[in-house]
Amino acid sequence: MSQWKQIQQLEIRLLEHVDYLYDDNFPMDIRQGLSSWIESRDWDIAANDESMAVVLFTDLLSQLDQVRSQEQNFLQRHNMKIIQQQLQMKYMTNPALMARVISTCLKEERRILSSACMQEQGPLEKSLQNSVASERQKNMDNRVGIIRTSVQLMDQAVKYIGDMQEDFDFRYKTLQSQDAPRNPEVMKQEITRLQEMLNRLDFKRKEILSKMGVVIKEIDDLMTSQLNPELQDWKRRQQIAAIGGPLVTGLDQLQSWFTLTAQSLFQIKHQLDKLVELVVKVTYESDPIPLQKPQMEERINYLIYHLIKSSFVVEKQPCMATHPQKPLIIKTGVQFTTKVRLLVKLPEVDYQLKVKTTFDKSRQFFILTNNTKAMDIEDYSNGCLSVEFRHLQLKEKKYINGTKGSEGLLSVTEELHSLSFEACFTVQGLTIDLETSSLPLVVISNVSQLPGGWASVMWYNLLTDEPRNLAFFGNPPRATWSQLSEVLSWQFSTVADRGLNKAQLNMLGEKLLGQHASCSDFQVSWSKFSKENIPGKSFSFWMWLDSILELIKKHLLPVWKEDSIMGFVSKEMERALLKDRESGTFLLRFSESHLGGITFTWVERDHNGDVKFNSVEPYTKSRLSALPLADIMRDYKVISDGVVPESPLKFLYPDIPKDEAFGLLYNSLPSKAYPYIPSTLIPISQLRSRPIATPISCQSPEPPMTPREFDMLSEQLCFDIETMSSPYSD
């Protein structure tokens, strides 16, 4: 079943997340109309390959032409044409951006599907679910709309007051310019009329100022109670997305709210200036405008200042192109990218705004490359004002005495740093200093520090919403297992588009927590997770898990995606699952004693019906680089007491025939066009029979074959044997 068809079968709660993915940058109409074609292309590669992105962009437009020509509904055909034109305008000069947008949407769809397979949502995703509630957005849209309408009506009121004043001014000057004496009664009537007009004018001035005060108070309350919390909520979601959580969206919506609010404030400021101009022409004792104007103007300027200042955000956290799935880790000497954005889009703002990037006052690093760039308008993203630094690079400082200074008690991967962005501009006489900073960074000098650095990034962003607590690891808080397990599952979703199920997470919990694994609220310390070695092992829990993620990513991805690897299952559970199965049934699990190893165990019964278990030596990256796991499953043989080798693997647990489980992943046979006898790498183990001490036991490994046994085996086979392995109980 295609991914899009699976998406359409999701429950409404998850469909709301899907709906949130699609906007003008990539309309859902396109996803629907070209679903099969879109899923058959590699958008991940195109996102980083300009030439491939151009080809796919051209193909997409061509596909849209075909869909549009076949559409019978006139209105739908018209809408498709508009969408096609919009896509051309957005991505013609930057097709790689389109590839990144589509790639991101597809990845997030897979994450949503993965979460649907979990029996329940984790605490983080539950908390984030409220942050994208449509009702809250509707309320915000409605409130901003009411403010805009009120401000527009005040525009008309100011114009009406101006017209009233023009009429008063004309009558007053006309009365003054009359030289000849007039009838006292007529004069009295005219003066009375002018007084009534002035009273009316005074009433309208007080009325408009009162309305202004109400709207300003409403904007103040909007910023305090909704707009700023929405921004903080987006920043929190950005933190969670950085460590593999649901895709962060909603910045365009925030920009719309910020911009409309700023427009309202600037419009009120302009209206107040208009009222002051009226005072120059007509004023009187107790005129409310000069009395209320200073305080009101001060409040407006205060709100404008803080609105624009808070709208300066890091849209894209620092990330190396070499490790796009691990942001906030920077290796010295390697270029990284980051992007900042101003959420207020106004003609009053200077579009040549220059942004300066600075690294924190670190004792050992500085920015090597150009760190100042001008913000520009992005036509393809709703005209936002932003700047992207694509080639930043950190360099380590040199010290006269050759040392780097004391690192204190923290390791390098626990030292947190910050990248800051500064800008300054003047708008309508108001000088605004902009400043924002990235989430805390980990700086490494060697890729071997990457796993430890990523553990620090995960722990920080999981447990705090503070934007810049660089002393966090001086006393790191604990995480509950329910929180941590959700983030660990996200790591697998990020690497392999499929998270962990409840049973797999339970096994991980047992490995980390022991007898406390059943308690979701049990707290895990930072040291237990990342620094302390697993009892009896020379590595920590996180180092073990990270090595498995790397193994999946580089060598096991096709098999993992097919759900053929049970993966996280203890040896005790493994035997409990296999003992009642047919002889030759096997399952795949990750090694608990090796970093980055996968093993398989099969069950067999002897003529007495006694059960034996055989586990093969774990396959690591060095062996899987030579032979893919699916081919190992196909070709694996066992030689026992000189008998011709045969495969003991019949059924993938619970009862799936081996070729049915792995057949689609087998590599094709070598071409026979060449006059050579093809050679094949055959994984072989030697297994000797031995007395069974108990009804259920594990077959012990034997030493490698002797030269005599090897020669005998070679004579019986018509192909070359180039690799062997010995089984042992892992």
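How are H14 and H15 oriented to each other: roughly parallel, roughly perpendicular, roughly antiparallel or oblique? The two helices pack at an angle of about 130° and are therefore oblique to each other. This briefing concerns a predicted model, in which local features need pLDDT of at least 70, side-chain atom pairs count only at pLDDT 80 or more, and totals for chains, interfaces and linings use all residues. Residues are numbered from 1 along each chain as its sequence is written, and side-chain values use heavy atoms, with hydrogens and water left out.

**Overall composition**

- The protein has 23 helices and 23 strands; these are DSSP runs numbered from the N terminus, with helices (H or I) of at least four residues and strands (E) of at least two.
- Of the 730 residues in the protein, 48% are buried, where buried means under 20% relative accessible area, exposed over 50%, and partly exposed in between (1.4 Å probe, protein chains only).
- Among contacts (heavy atoms within 4.5 Å) with a separation of 6 or more, 71% involve residues 24 or more positions apart.

**Helices H14 and H15**

- Two packed helices are described by the angle between their axes and the distance between the axes.
- The axes of H14 (residues 450-463) and H15 (residues 481-496) are 11 Å apart; axes are lines fitted to C-alpha atoms, for helices over the stretch in contact, and angles run from 0 to 180 degrees between N-to-C directions.
- The orientation is classed by angle: under 35 degrees is roughly parallel, over 145 roughly antiparallel, 65 to 115 roughly perpendicular, and the rest oblique.
- H14 passes H15 in a right-handed crossing; a crossing is right-handed if the near helix is turned clockwise from the far one by less than a right angle, and left-handed if anticlockwise.
- On the H14 side the contact comprises Trp454, Met458, Trp459, Leu462 and Leu463, which meet Gln483, Leu484, Val487 and Gln491 of H15.
- Seven of these contact residues are nonpolar, two are polar and none is charged; Ala, Val, Leu, Ile, Met, Phe, Trp, Tyr, Cys and Pro count as nonpolar, Asp, Glu, Lys and Arg as charged, and the others, Gly among them, as polar.
- H15 has 16 residues and spans 22 Å from its first C-alpha to its last, close to the 22 Å expected at 1.5 Å a residue; the expected span is 1.5 Å times one less than the number of residues.
- H15 is largely enclosed by the rest of the structure, because 15 of its 16 residues are buried.

**Other helix pairs**

- H6 (residues 50-70) and H7 (residues 74-91) pack at an angle of about 170°, with their axes 10 Å apart, and H6 is therefore roughly antiparallel to H7.
- This contact is made by Phe57, Leu60, Leu61, Leu64, Asp65, Val67 and Arg68 of H6 together with Arg77, Met80, Lys81, Gln84, Leu87, Gln88 and Tyr91 of H7.
- The residues of the contact of H6 with H7 comprise eight nonpolar, two polar and four charged.
- H11 (residues 184-242) and H13 pack at about 20°, with their axes 11 Å apart; the two are therefore roughly parallel.
- The crossing of H11 and H13 is left-handed, and its contact residues divide into 13 nonpolar, five polar and five charged.

**Individual residues and their contacts**

- Met52 belongs to H6 and is partly exposed, at 26% relative accessibility.
- Beyond its neighbours within four places in sequence, Met52 is in contact with Asp42, Ile45 and Ala46.
- Pro27 sits in the loop between H2 (12-21) and H3 (28-33) and is buried, with a relative accessible area of 12%.
- The C-alpha atoms of Pro27 and Ile83 are 7.7 Å apart, although 56 residues separate the two in sequence.
- Apart from neighbours within four places in sequence, Pro27 is in contact with Tyr22, Ile83 and Leu87.

**Backbone features**

- Most residues other than glycine have a negative phi, and most peptide bonds are trans.
- Ser286, in the loop between H12 (251-281) and H13 (288-310), has a positive phi of about 65° and is exposed at 53% relative accessibility.
- Asp563, in the loop between H18 (541-561) and H19 (571-578), likewise has a positive phi of about 65° and is exposed, with a relative accessible area of 51%.
- Tyr653 and Pro654 are joined by a cis peptide bond with omega of about 10°; Pro654 lies in the loop between strands S20 (651-652) and S21 (656-657).
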